[in-house]
Amino acid sequence: MIGSSTPEAELAKLSVYAHQAPAITIAERLARIEKARKLTRNMGADALLVGAGASLNYFAGVPWGASERLVSMLIPVTGDPLMICPFFELGSLEADMKITAEFRLWQEHESPHALIGQAMSDWGATVIAVDPAMSFEMVSRLGRETGLDIKEASSVINGCRMYKSAAELALMQQAKDMTILVHKAVARMLYEGITTNEVNNFIEAAHRKLGASGNSFVITQFGRGTAFPHGLPGEQRLKEGDLVLVDTGCYVQGYTSDITRTYIFGQPKPEYQRIWDIEKEAQAAAFARVEVGLPCEAVDYAARAVLEKHGLGPDYNLPGTPHRTGHGIGLSIHEPAFLVRGDTTPLAPGMCFSNEPMIVVPDTFGVRLEDHMYVTENGAKWFTEPQEAIDRV
């Protein structure tokens, strides 16, 4: 029940999540590399360069973010991968690596791009496919210093990461189950006068008690703040009759959740209830439209058709939905493919998406119900069951 408990009581109830999903195996990571080799060869390149970030985590299990120092993995279409790494980072990188690879090291005054060029030369290779997440500066320097023919590797990276294995789905399921527990705890501990910052701090602490790694992603908005999809700056205090929008997620072995609930603190105005019901109908329509082989954009059209039927929109006009119906999710909160007009990527088993056709009444209030689903041979399957009612989470 909303507002029936206290923050202290709710935190005390939480402990490390009991149903831990297994880690990604070395065999699975090696299979990913082999698939990347095939896709790299298909696009006419001799090797794939993967920069620090989610894709390096995907292939090698290294959870490092990108910086001004180049850390990368070079995967030839035949032969073993190489790790390009600053000399002083070797011990840390070796500790994180989940696969075996040769290391090529550079000192602070040296060029890591030269190491990549030398490796390509040793292989008699001239065409390199580059991770699309790598910075323009890194890629332009690579071209200037090596003279390699550079191709953009979205088809390789997305061709691997968009389709989740059973092991990935299990890790994502754990993250989402944990976030649902946190959402329910948040709703119970709310009280009049609590601030959005206090809610955010509670969510961070709750996810950590459940065993999440890293920092939680959190947007909490009350009342008018709910009309802004990613919120307003500053602190808000909860009042009787406010809508509450909480959008949050956590990480489990790098895989993320991202779930939104919108509910009433007190009694809902009739207009709140009307828009909430339309939002729920649109979310259900998007879920029902998922079918193997259909383009991703078909799901977006299905949600928007519901809004238009109720006199909202059309397109991105408000009152209506100001953004796409959903995004891919996995090691990144937002990743391809996208449930949006123009994305004609065919839906296929293992693809995972948010389902969140938010409705905004400008400068007044908004309702976003966000759950995640994955594609099966028989249509969509929810990771988490959608919210039941405007006064229940």
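Predicted model: local features only at pLDDT ≥ 70, side-chain atom pairs only at ≥ 80, totals over all residues.
Residues are numbered from 1 along each chain as its sequence is written. Local features need pLDDT of at least 70 and side-chain atom pairs 80 or more, while totals for chains, interfaces and linings use all residues; side-chain values use heavy atoms, without hydrogens or water.

**Stop 1: the largest pocket**

Select Ala52, Asp131, Pro132, Ala133 and Met134. Of the 26 lining residues of the largest pocket, these lie nearest its centre. A pocket here is an open set of points on a 1 Å grid with protein on both sides within 12 Å along at least five of seven lines, and lining residues have an atom within 4 Å of a point. The space inside is about 390 Å³. Colour by class: twelve lining residues are nonpolar, eight polar and six charged.

**Stop 2: helix α7**

Stay with α7, residues 154-161. This helix gives the most to the pocket lining, with three residues. Helices are DSSP runs of H or I with at least four residues, and strands are runs of E with at least two. Val156, Ile157, Gly159, Cys160 and Arg161 are buried, meaning under 20% relative accessible area with a 1.4 Å probe. Show α2 (26-42), β1 (47-51), α3 (54-60) and β12 (335-339): the buried residues of α7 pack against them.

**Stop 3: Glu28**

Move to Glu28 in α2. Glu28 counts as buried because its relative accessibility is 19%. Its side chain makes a polar contact with the side chain of Ser165, at 2.6 Å. Such a contact is a pair of N or O atoms within 3.5 Å, one able to donate a hydrogen and the other to accept it. Beyond four places in sequence, Glu28 touches Ser165, Ala167 and Glu168, with contact meaning heavy atoms within 4.5 Å.

**Stop 4: helix α9**

Select 196-209. The 14 residues of α9 should span 20 Å at 1.5 Å a residue, and the end C-alpha atoms are 20 Å apart, which agrees. Buried residues include Phe202, Ile203 and His207. The buried residues of α9 pack against α1 (7-13), α8 (166-189), β7 (213-222) and β8 (242-252). After the helix comes Gly211, with a positive phi near 105 degrees.

**Stop 5: the cavity**

Finish with Arg304, Leu307, Glu308, Leu312, Gly313, Pro314, Asp315 and Thr321, which line the largest cavity. A cavity is a set of points where a 1.4 Å probe fits but cannot get out. Its volume is about 30 Å³.

Note on methods:
Buried < 20%, exposed > 50% of the residue type's maximum accessible area, 1.4 Å probe, protein only. Expected span 1.5 Å × (residues − 1). Points joined across faces, edges and corners; volume = space filled by probe spheres on them. Nonpolar A, V, L, I, M, F, W, Y, C, P; charged D, E, K, R; others polar.
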